[in-house]
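Work through the exercises below with the structure open. Try each task before reading its solution.

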Amino acid sequence: MIRVLLVDDQPLIRSGFRALLDLEDDIEVVAEAADGQECLALVKERLPDVALVDIRMPVMDGIEATRRMAADPALADVHVVILTNYGMDEYVFEALRAGAAGFLVKDVLPEDFLHAVRVAARGDALLAPALTRRLIDRYVSRGQPRPARAGSGLEELTGREREVVALAAQGLSNDEIAGHLVISPSTAKTHINRAMAKLHARDRAQLVVLAYESGLVTPGTF
């Protein structure tokens, strides 16, 4: 059973999402919150698998709430998905850097919304290739790629791990990476996990952010 926490200051939005989720046999909404502060209290109490968090809320916004959840080792298994009214909200990239696993536009199709919840619960990033390109082009390519940070782990990546990270940065799933490199999905997952450990990335979304910010991957290379 996938346990979900809904966090949005608009009751109508929460009600709509809950109505969709309640129809699914494998998903349970365990709590609702109207702001980031309430979210933090409930996420520690209920330990959901997925927290769907709005960016703009009173008391504490979604970015700060995400940052605090990502910093708490006790919440390492909680996957935060940011909800936004716009596909390219100016705060989306900051939310990913804070530790979000990905983002959803609020007018997403119901079937895509449900699929996204299940993807997030598995620990995969919600970064479609087209949205990844737009996101990176807008926020990372404004300046030159940042040099690798000392001790960031980039120098420890093997050649294969660099290939896998580059493909993950394009939004490819483990199965798609496996097909591209002619390896098994489990091997692709192993490479991803090792790269995440070496780069100290919480999840695939942060791995993608680090790949671009470090210059390991640059916009326009795919």
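**Exercise 1.** Is Asp22 buried, partly exposed or exposed?

*Solution.* Start with the ground rules. This is a predicted model, in which local features need pLDDT of at least 70, side-chain atom pairs count only at pLDDT 80 or more, and totals for chains, interfaces and linings use all residues. Residues are numbered from 1 along each chain as its sequence is written, and side-chain values use heavy atoms, with hydrogens and water left out.

Next, the cut-offs: buried means under 20% relative accessible area, exposed over 50%, and partly exposed in between (1.4 Å probe, protein chains only). Asp22 has 46% relative accessibility, so Asp22 counts as partly exposed.

**Exercise 2.** Which parts of the chain does the salt bridge between Asp8 and Lys106 tie together?

*Solution.* First, the distance: N to O is 2.8 Å. Then the places: Asp8 lies in the loop between β1 (2–7) and α1 (11–22), Lys106 in the loop between β5 (102–105) and α5 (110–122), so the bridge joins parts 98 residues apart in sequence. Finally, the accessibility. Asp8 is buried at 1%. Lys106 is buried at 13%.

**Exercise 3.** Describe the surroundings of Cys39.

*Solution.* Cys39 is in helix α2 (residues 36–46). Its relative accessible area is 0%, so Cys39 is buried. Contact means heavy atoms within 4.5 Å. Leaving aside neighbours within four places in sequence, Cys39 is in contact with Leu5, Val7, Ala33, Val53 and Met69. The C-alpha atoms of Cys39 and Val53 are 8.4 Å apart, and 14 residues separate the two along the chain.

**Exercise 4.** Which residues of α7 meet α9?

*Solution.* In α7, they are Arg160, Glu161, Val164, Val165 and Ala168. Across from them in α9 are Ala188, His191, Ile192, Arg194, Ala195 and Lys198.

Technical notes: Helices (H or I, at least four residues) and strands (E, at least two) are DSSP runs, numbered from the N terminus. A salt bridge is a side-chain nitrogen of Lys or Arg within 4 Å of a carboxyl oxygen of Asp or Glu.
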